Amino acid sequence: MRKSDDAGEILVVDDGLEFSAAVTRLLTARGYHVSTAVDGAQALASIGENQPDVVLLDVMMPGLDGFEICRQIKRNPRTRLVPVVLVTGLTSREDRMRGIEVGADDFLAKPPDWQELMARVQSLVRLKRATDDLESAESVMVSLAMAIEIRDPYTKGHCQRLANYAAALGESLHLSEEDIEALHLGGFLHDLGKISIPDSVLLKPGPLSDDEMTVMKQHPIVGARLCEGLRSLRRVHPIVRHHHERLDGTGYPDGLMRDEIPLLAQVLSIVDIYDALTTPRPYRRAVTRDEACAILLSESARGWRNEDLVQEFFAIGRPRRLDRPESNWTARIRAGLQANGSHVIAGAAHRTPARAGAVEGAALLRVSA
Ligand SMILES: [Fe+2]
């Protein structure tokens, strides 16, 4: 846990004890807490244990070299946001390119200019702590969204499934990594605004009256407002605001038409409808997957949904194992929820960071193949 009076936690990884000792002396004199490691195994163990704010990493070491250690730090969802500075005598363009490829955040020549090293460390610690705060804000939002799901037992698991389905469809559409992450997070946050809907409406065991529907239609507006101001949610905001729009303009809250509706919101709305239809409600049974697909196609025919997106969603349904590695987003969300004391559904499906065919959630879909 971070101590607010700390200047920062720094890990120095170097097999040269003289260099480590010199850096440690300088950093501790300025209030940093320093841990050291002499090889890759020690470094990776120390990162897990000490959660450093910055890693100063030598490149030329026996066993795992600095490039490989950096690669492993950046691959691990739990450590990928820790800034890594390669401190090295290797200064060729190729070495710098390799450092960038493995995710290094900065380079310092060896022997370093000590003043410059201190300035870089200070700046990176500040950056790391800002990132930590942002992550906390996202986690709070997700926890809020999960609280809504807990209020309504009939929607249990809905957010997790939506996150998986939406990310799978995004991958199938070859969207950017950022868009896919937004879809994944949007699965959790799309109904955030339902926090403002009274139980008498949200939990009503039957169709809503016109007045109640008017109340319910506020949830995308409220949810979008809650996401405003968080820069890290700027791609999720349109999903939250527009996931109930229809292509013919009869949706809500803004009555947008066709291309006015953000693509990510269209993607989320298709998987949202699919999941809502295939899970039971107090006033109706769950429809079968084939029935849900038929309904989505009929909504396309009415001009409400983009048929290409609907067909793409059907096409990704093929058998997949559900025990894939967690994505970065899922790991962060899971860590955030657990930090907030929430229960996290174990063994749920997750997309993989790799683009190729990561359609785990869609394993549940198998509708047309
Ligand atoms: Fe909604």
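This is a predicted model: local features need pLDDT of at least 70, side-chain atom pairs count only at pLDDT 80 or more; totals for chains, interfaces and linings use all residues.
1. Overall make-up. The protein contains 15 helices and five strands. Of its 369 residues, 38% are buried.

2. Five strands form an open sheet in the order β2-β1-β3-β4-β5, and their pairing is parallel. The edge strands are β2 (33–37) and β5 (106–109), each of which pairs on one side only. From one strand to the next, the twist averages 20 degrees. The student may wish to trace this order in the structure, since the pairings below follow it.

3. Strands β1 and β2. Strand β1 (residues 9–13) pairs with β2 in the parallel sense, over five bridges. Within this pairing, Leu11 stands opposite Ser35 in β2. Helix α2 (residues 40–50) packs on the sheet and touches β1, β2 and β3 (54–58). The direction of α2 makes about 175 degrees with that of β1.

4. The pairings of β3. On one side, β3 pairs with β1 in the parallel sense over four bridges, and Val13 stands opposite Leu57 in β3. Strand β4 (residues 84–88) also pairs with β3 in the parallel sense, over four bridges. Here Leu57 stands opposite Leu86 in β4.

5. How many of the five residues of β3 are buried? Five of the five are, so the strand is largely enclosed by the rest of the structure. Val54, Leu56 and Asp58 point one way from β3, while Val55 and Leu57 point the other way. Residues on both faces of the strand are therefore part of the count of five buried residues.

6. Helices α12 and α13. The axes of helix α12 (residues 263–277) and helix α13 (residues 289–301) come within 9 Å and cross at roughly 140 degrees. That angle makes α12 oblique to α13, because only angles over 145 degrees count as roughly antiparallel. The crossing of the two helices is right-handed.

7. The contact between these helices. Which residues meet where α12 and α13 come together? From α12 they are Ile270, Ile273, Tyr274 and Leu277, and from α13 they are Ala292, Ile295 and Leu296. By class, the residues of this contact divide into seven nonpolar, no polar and no charged.

Note on methods:
Residues are numbered from 1 along each chain as its sequence is written. Axes are lines fitted to C-alpha atoms, for helices over the stretch in contact, and angles run from 0 to 180 degrees between N-to-C directions. Angles under 35 degrees count as roughly parallel, over 145 as roughly antiparallel, 65 to 115 as roughly perpendicular and the rest as oblique. A crossing is left-handed if the near helix is turned anticlockwise from the far one by less than a right angle, and right-handed if clockwise. Two residues are in contact if their C-beta atoms, placed from the backbone, lie within 7 Å. Ala, Val, Leu, Ile, Met, Phe, Trp, Tyr, Cys and Pro count as nonpolar, Asp, Glu, Lys and Arg as charged, and the others, Gly among them, as polar. A residue is buried if 20 or more other C-beta atoms lie within 10 Å of its own, exposed if 12 or fewer, and partly exposed in between; C-beta atoms are placed from the backbone. Two strands pair if DSSP finds at least two bridges between them.
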